[in-house]
Amino acid sequence: MSDAEREDLRRHGILLTSLEELYNWGRSNSIWPLQFGLACCAIEMIAAATARFDIARFGAEIFRPSPRQADLMIVSGTVTKKMAPLVVRLWNQMPEPKYCIAMGACAISGGPFKQGYNVLKGIDRFIPVDIYIPGCPPRPEALLHGLTQLQEKIKAERLAGPDTARHLRPENPGEFPIPDYGAHDLQPPNNPALFSPPSLPRKP
Amino acid sequence: MESLEQLRDRLLTRFPAAKVELVLNPGASPEHSLLLEAASAREIALFLRDDPFVKLDYCSNVTGLDWPDKEIIETKKVSVPDPAGGPAKVVEEKTKRLQPGYLEAVYHLYSMALKSTAPVILRLRTVNRSDQVTLPSLTPVWRSADFQEREIYDLYGIIFEGHPDLRRLLMWDGFKDHPMRKDYVAPDDFEWEPTPHGVVHERAKAHYPLPGDRLGQTPAGQQPGTVSPANPTTQPEAKP
Ligand code: SF4
């Protein structure tokens, strides 16, 4: 049955769906973010939750103060090297299925502080990021756009078959190694299973 | 309010054993300061806080400075008498002298009680930058110096004696370096990205050397293009 036929039936009041679609529809419309902010970007995240932008329209208004109850981590702000192990620990404590949004230049790459001695060059060095929202800071609309993109991503997830969603695959690592505080830097400075720095192809 | 010279003279008469120097910083908005000795700094600070004429009861800012060793070349004009009996020649003589480096803590003080508008600035200097880096803490005098002295300890490595809780503030406890010192070398965690900065391109050459490039710093005995052990993710693209 094609989408057009289904649309046609829907207009006549007959709803045809699959369990997978229903399940993903429910999941994508009740994403509960973890309530924490790391720097200035968090202010925009807070603004997105207030009446004017109203993230509740997308079912993500319940900011949970505990990682056990959250399924979205919005890394909103500068991740310092001192904070990075704690962010990874929070991520490990979140139950699957879980998603991560890197909000702002700092969370993506270190942003304006990239060459600094104390700032992590992007949270994707340690945890897998689903959506990157560029900006310094991204406006609340950008966060809402990122959230709807994440919803699209969730809706496209398959529950069975060869392209099963990440959280349903048995080999999926639910936990990621927490870096140690070393004498000069975090040890290791990134998770090689997850991240490799962009390389510069040089031809003679 | 009295001028800094008057204040210095008053301090010198009050504390005859102490050494108080005036450090001039002339310019459009001059900010002169008083250089104190470590031995008498605490007493003088207490005096400045409680003295009814200055009453510096508010320490708004404490900051650190790093002065590395500096080579100073002085030129002096010396007149050399001519052995033949002619007029003496004037010769420029250059002397080099190494000014040893030191670390410095700078305190900006105001008086809330007297509503002062310009700060009185105190400076304290350590003996050197390596092993004699202790200064007396002024936190017992002005409590607002607490976190700022901790930050200076963290970033510059000045040890404040008498501080109630001297721990690192921004970096973690096991961290060994002092990142705001001039000779700090950040861990080599280079990430190439397209950028107009020449420095980045220079570093990129060292990290992603041209295959067969002798100038690019390929470790000896290692073929360019192989995975280097120091940076296992660096994989310069092989020539097709
Ligand atoms: S990206 Fe900009 S606004 Fe966001 S945390 Fe970094 S500096 Fe602040």
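**Strand pairing and its surroundings**

Tutor: In strand β2(A), A:Cys100 is the residue that stands opposite A:Met73. The model is a predicted one, in which local features need pLDDT of at least 70 and side-chain atom pairs count only at pLDDT 80 or more, while totals for chains, interfaces and linings use all residues. Residues are numbered from 1 along each chain as its sequence is written, chains are lettered from A and ligands numbered from 1 in the order in which they are written, and side-chain values use heavy atoms, with hydrogens and water left out.

β1(A) and β2(A), the latter spanning residues 99–103, pair in the parallel sense over five bridges; two strands pair if DSSP finds at least two bridges between them. Strands (E, at least two residues) and helices (H or I, at least four) are DSSP runs, numbered from the N terminus. The pairing belongs to an open sheet of three strands in chain A, ordered β1-β2-β3 and parallel throughout. Because β1 (72–76) and β3 of chain A each have a single partner strand, they stand at the edges, and one side of each is left without a neighbour in the sheet. From one strand to the next the twist averages 15°, with axes being lines fitted to C-alpha atoms, for helices over the stretch in contact, and angles running from 0 to 180 degrees between N-to-C directions.

Across chain B, buried residues make up 37% of its 240 residues, and the chain holds four helices and nine strands.

Turning to the aromatic side chains, there are seven aromatic pairs over all chains. One of them joins A:Tyr117 to B:Tyr184, edge-to-face, at 6.4 Å centre to centre and with 85° between the planes. This pair crosses between chains, from the loop between α5 (104–109) and β3 (131–133) of chain A, where A:Tyr117 lies, to the loop between β9 (159–161) and α4 (198–207) of chain B, where B:Tyr184 lies. Rings of Phe, Tyr and Trp (its six-membered ring) pair if their centres lie within 6.5 Å, and planes under 30 degrees apart count as stacked, over 60 as edge-to-face and the rest as tilted. Both A:Tyr117 and B:Tyr184 are buried.

The rings of B:Trp172 and B:Phe175 have centres 5.2 Å apart and planes at 80°, so this pair is edge-to-face as well. B:Trp172 is buried at a relative accessible area of 3%, and B:Phe175 is buried at 4%; together with A:Tyr181 they form one aromatic cluster.

In the loop between β9 and α4 of chain B lies B:Asp188, which is exposed, with a relative accessible area of 56%. B:Asp188 is 19 residues from B:His207 in sequence, and their C-alpha atoms are 10.0 Å apart in space.

Conventions: Buried < 20%, exposed > 50% of the residue type's maximum accessible area, 1.4 Å probe, protein only.
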